[in-house]
Amino acid sequence: MRTMDIGALSDRLVRMRDAVRSGDHRRWRQASAPDVLSECEAEGLSWSRRAARLTRRMCEAELPIIGDAERIVFTRTVPVVPPIYTDEEKTRLMAGHALHELGPISNICADWSMVLSQGLLGRRAVALESRARLAQDAEAVEFLDSAVETIDAVLDLAARYADAAAFQGWDDLAQILRRVPAQVPRTFHEALQALRLLHSVLWLSGHYHVGLGRLDQVLWPYLQADLAAGLETTESAEELLAEFFISLNRDNDLYPGVQQGDNGQSLTVGGVARDGTCGVNPLTWMVLRVGLRTSMIDPKINLRIDPDTDPNLLYLATLMTRKGLGFPQYSNDAVVIPALASHGYSIEDARNYTVAACWEFTIPGKGMEIVNIGAVSFPAAVDHGLHTALSGGGSFESVLAATCEHIERQVAERVASYQDLFLEPGPFYSVLMDGCLERGRDLSAGLDYNNYGIHGAASSDAADALAAVRMLVFDEQRLTGSELLAALDSDFADAEVLRKYLVSRGPKVGNNDDRADDLLTWLFDTFAAACESIQDNGRGGRVRPGTGSAMYYLWLAQGRGGMREPVVGATADGRHRG
């Protein structure tokens, strides 16, 4: 293992980072947002056209702000995304339908490679060609007109930034902004600037948890050409990438998220390419080095690994882990790719997976997936299994059978709650996705992959509880099932000795103890079988099982967050109610 010289930020970037950390950019934020609603109501616009008008007015309202010595520009100045329907109108329109989270499409990933390879003018030409071909299809015409309106809005925003750069004497920057994102980038710098603007406008349009995809695959062709031509050195390219990373932090306090900073500005590097060859390239390493130098909350970095991953790359990643930033997250290609392929993804798409925004997987440009429709509460299922089986003196096998039944019921309920899902139109997001302009259909109508994801939450608590019950009630017979249920129902009111024994002496996941780990595996297998038994989720997709808990630890225990999931009381691993 070699010692790595990570390097340091230049003085220019240190000043820029410190200014962002201090919130200096917030002085440019405007006190109000455009009144898009009145305009939409006056014209009687459809939902698709309202979404396009929102993008247009938000872009028009932005003030072109270029700080001293900035080379990657965009600073958001309109802090609030205004409504395009009143609450009463939205309630009426949504009657009989389910809405995912806040409503706007989120937690997917655009096909950034495709968009950069065509430029917005190329995408506009595709839209106009489709409009001529589908002129008799009113729905297609309406969508395509909406998409073109959003493209023109972004082109105008870039042009105003170009004028501002020229006015401030930044002629090189002005030339870049006059080219991108309208045309195909010629350089690494142009590609970064195009991505910064396109990504930002999605947030302006009301979308959230907007992923950046496989950044090393998307941008490496531009950097590789620059390095070969002598236009950039590794050091100058890292300077640009670091500024891009810093710029992502100027707006992140405005983005919705469950936790502070949980805004989904995630990117993925490493792994294999679509053809199965190694996808690691010099930009993969650069992303990790720059992430270490900037040490900011965004972007969240995900590293795809496999058994052949260079140990030096892993070592570099662990240096970032040691920083305590909460990333990189590690995704194992040897597990993920076969799992996706077994769930109906083509092998090329499975190899091209990215992390949507948090940690779930999606395919850039092809996934209109709701990767998190809710959670199955493993502790609630175990609690049900204990009360169902032990109250009648049942065996441990009957505990597992009742737990299994409850898991299956929860999965069915989660999916049923999304049977009448309505996805709000996203005309600008559709511009950035595969096939939408070509088919004349908004991405809300569906893409290649329209799967749902459900989280199996608090799995270790549930496995620990099952292991403790098997040990104390059945193997060692230290107490009866009735005594255990009485202790749980009273929140261990008169059973503190038992509670402490459960906490300190019960088998625990994570300690190389097969008594707990085997039951954890059983829970996952049972949950996966329940999800995979559903062949159609109502949108022509499947149901994918996942194991993340995140905020569900709190919601499932306390009944917060407006969740449909069952709330559980005291659990047999010695945990108090709440």
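# A walk through the structure

Let's begin with something you won't find: the structure holds 0 disulfides. To see this for yourself, select cysteine 59, which is in no disulfide; the nearest cysteine sulfur belongs to cysteine 40 and is 15 Å away. Keep in mind as you go that this is a predicted model.

**Stop 1: two cysteines**

Stay on cysteine 59 for a moment. Is it buried or exposed? Its relative accessible area is 1%, so cysteine 59 counts as buried. Now jump to cysteine 278, where the relative accessible area is 61% and the residue is exposed.

**Stop 2: rings that pair up**

Next, show the aromatic side chains. A search of the whole structure turns up 11 aromatic pairs. Pick tryptophan 47 and phenylalanine 422: their ring centres are 5.0 Å apart and their planes meet at 45 degrees, so this pair is tilted.

Tryptophan 47 has 11% relative accessibility and counts as buried, while phenylalanine 422 has 24% and counts as partly exposed.

Now select tyrosine 345 and tyrosine 449. This aromatic pair is stacked, with 4.4 Å from centre to centre and 25 degrees between the planes. Tyrosine 345 sits in the loop between H13 and helix H14 (347-351), and tyrosine 449 in the loop between helix H18 (436-439) and E10, so the pair ties together parts that are 104 residues apart in sequence. Both of these tyrosines are buried.

Trp47, Tyr85 and Phe422 are linked into a cluster by ring pairs.

Arginine 304 lies over it, at 3.9 Å from the ring centre.

**Stop 3: the largest pocket**

Time for some open space. The largest pocket has a volume of about 700 Å³.

What kinds of residue make up the lining of the largest pocket? Colour by type and you get 14 nonpolar, 11 polar and 3 charged.

**Stop 4: the largest cavity**

There is 1 cavity of 30 Å³ or more, and the largest cavity has a volume of about 40 Å³. Select Pro379, Val382, Asp383, Leu386, Ala465, Leu488, Ala570, Thr571 and Ala572 to see what lines it. Helix H15 (residues 378-390) supplies the largest share of that lining, 4 residues. By type, the lining of the largest cavity divides into 7 nonpolar, 1 polar and 1 charged.

**Stop 5**

Hide the side chains and follow the backbone to valine 180 and proline 181. A cis peptide bond joins them, with omega at about 5 degrees. You'll find proline 181 in the loop between helix H7 (171-179) and helix H8 (188-204).

Phenylalanine 327 and proline 328 are also joined by a cis peptide bond, and here omega is about 10 degrees.

Now select glutamate 101. Although it is not a glycine, its phi is positive, at about 50 degrees. Glutamate 101 belongs to the loop between strand E1 (98-99) and helix H5 (112-133), and with 43% relative accessibility it counts as partly exposed.

Finish at glutamine 477, another residue other than glycine with a positive phi, near 50 degrees. Which loop holds glutamine 477? Look between helix H19 (459-475) and helix H20 (481-489). At 62% relative accessibility, glutamine 477 counts as exposed.

Technical notes:
Residues are numbered from 1 along each chain as its sequence is written. This is a predicted model: local features need pLDDT of at least 70, side-chain atom pairs count only at pLDDT 80 or more; totals for chains, interfaces and linings use all residues. Side-chain values use heavy atoms; hydrogens and water are left out. On a 1 Å grid over the protein atoms alone, a cavity is a set of points where a 1.4 Å probe fits but cannot get out, and a pocket is an open set with protein on both sides within 12 Å along at least five of seven lines; lining residues have an atom within 4 Å of a point. Grid points are joined across faces, edges and corners, and a volume is the space filled by probe spheres set on the points. Ala, Val, Leu, Ile, Met, Phe, Trp, Tyr, Cys and Pro count as nonpolar, Asp, Glu, Lys and Arg as charged, and the others, Gly among them, as polar. Helices (H or I, at least four residues) and strands (E, at least two) are DSSP runs, numbered from the N terminus. Buried means under 20% relative accessible area, exposed over 50%, partly exposed in between (1.4 Å probe, protein chains only). Rings of Phe, Tyr and Trp (its six-membered ring) pair if their centres lie within 6.5 Å; planes under 30 degrees apart count as stacked, over 60 as edge-to-face and the rest as tilted. A charge sits over a ring if NZ of Lys or CZ of Arg is within 6 Å of the ring centre and within 35 degrees of the ring normal. A disulfide is a pair of cysteine sulfur atoms within 2.5 Å.
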